[in-house]
Amino acid sequence: MENLGEFEPFCELDLESQEALSKIAILKNYKKKEIIFYEEDEVREIYFLIKGSVKIYKVDRFDNEVFFGISTKGLLNDYDDTKDLVSFMNVECMEDSLVACFDIEGLRVVFDSHPQILKMFFKEALKRIKVFENVVLKELIFDSTAKVAYSLYYDLEEFNTHKKQENAAFLNIQPETLSRILKKMHRDNVIETNQAGKIEILDQHKLQMIFKQDTR
């Protein structure tokens with residue numbers, strides 16, 4: 001049976017803190033394509049992805065998915081013990097995943113008695129905020145070309161693991177737009193496609209300047 005203390009960042013806690021968290025946690029296995037929760041769901045626990053990967057997205061009024069990101073580890077929802085929690089987004093498993101579900105009232109108690117646990121969750125919350133800062137940056141400031149350049153520059157390995165349709169959805173652009181942008185980057189000798197069909201970056205500086213210019 002899997003133990004919470006086997007996984008990061010919980011393995012970095014002292015044994016007493018690990019035991020305190022284990023008492024209020026349930027480890028749940030989710031299958032690929034299974035929804036952990038939908039937006040507007042009332043969520044009574046704090047979900048922490050410890051193994052696998054999930055995609056996080058909203059659905060607009062035209063039933064289009066608005067992609068927020070992929071998570072391979074970390075908090076999946078917010079902590080607030082002053083009111084009922086309502087999910088802001090949909091969270092769907094991209095592969096079989098393991099999630100630790102923490103009782104909210106239990107967390108409040110261990111936060112008071114174990115400062116190390118509080119510090120760890122605070123750090124994880126900051127990481128979650130950083131993810132959404134990047135979403136705001138890309139969606140409100142970047143045009144389509146800058147989005148692609150940013151993704152290639154920072155997440156090339158992740159980009160190469162997905163099909164073109166999936167990458168287009170993740171970037172909230174049309175597949176045809178993605179194809180056109182990639183072709184231009186090839187012509188400009190910014191990137192190339194190797195024999196395995198994977199994209200390689202030829203000019204890091206030129207690629208970076210594409211999205212840097214969009215933030216000025």
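Me: Which residue stands opposite K55 in β9?
Reply: That's E92. Keep in mind that this is a predicted model.

Me: And how many bridges hold β5 and β9 together?
Reply: There are 4 bridges between β5 (residues 54-59) and β9 (residues 90-93), and the two pair in the antiparallel sense.

Me: What's the strand order in the sheet they sit in?
Reply: The order is β2-β9-β5-β6, an open sheet of 4 strands with antiparallel pairing. At the edges you find β2 (35-37) and β6 (65-71), each pairing on one side only.

Me: How much are neighbouring strands turned against each other there?
Reply: On average by 30°, if you ignore direction.

Me: OK, switching to the sheet with β1 in it. What order do the strands have there?
Reply: That one reads β1-β10-β4-β7, again an open sheet of 4 strands with antiparallel pairing. The edge positions go to β1 (25-30) and β7 (74-75); each has a single partner strand, so one side of each lacks a neighbour in the sheet.

Me: How is β1 joined to β10?
Reply: Through 6 bridges, with β1 and β10 (residues 97-103) running antiparallel. If you want a pair to click on, take N29, whose bridge partner in β10 is L98.

Me: What does F48 face in β10?
Reply: A100 stands opposite F48 there. On the β7 side, F48 stands opposite L75.

Me: Change of topic: helices. At what angle do α1 and α3 pack?
Reply: About 70°, and the axes of α1 (residues 15-22) and α3 (residues 115-140) are 9 Å apart. That angle makes α1 roughly perpendicular to α3.

Me: Which residues make that contact?
Reply: From α1 you have S17, A20 and L21, and they meet Q116, I117 and F121 in α3. By class, the contact has 4 nonpolar residues, 2 polar ones and no charged ones.

Me: I was also looking at L118. Where does it sit?
Reply: L118 is in helix α3. Its relative accessible area is 41%, so L118 counts as partly exposed.

Me: Last bit, the overall picture. How many helices and strands does the protein have?
Reply: 7 helices and 12 strands. The C-alpha atoms fill a box of roughly 60 × 40 × 35 Å along the principal axes.

Me: What share of the residues is buried?
Reply: 44% of the 216 residues. The accessible surface comes to about 12800 Å², and 50% of that belongs to carbon and sulfur atoms.

Me: And what about contacts between residues at least 6 apart in sequence?
Reply: Of those, 69% join residues at least 24 apart.

Terms used: Residues numbered from 1 in each chain as written. Predicted model: local features only at pLDDT ≥ 70, side-chain atom pairs only at ≥ 80, totals over all residues. Heavy atoms only, no water. Axes fitted to C-alpha atoms, helices over the stretch in contact; angles between N-to-C directions. Parallel < 35°, antiparallel > 145°, perpendicular 65-115°, else oblique. Contact = heavy atoms within 4.5 Å. Nonpolar A, V, L, I, M, F, W, Y, C, P; charged D, E, K, R; others polar. Pairing = 2+ DSSP bridges. Buried < 20%, exposed > 50% of the residue type's maximum accessible area, 1.4 Å probe, protein only. Areas by Shrake-Rupley, 256 points an atom, 1.4 Å probe, with all protein chains shown as cover.
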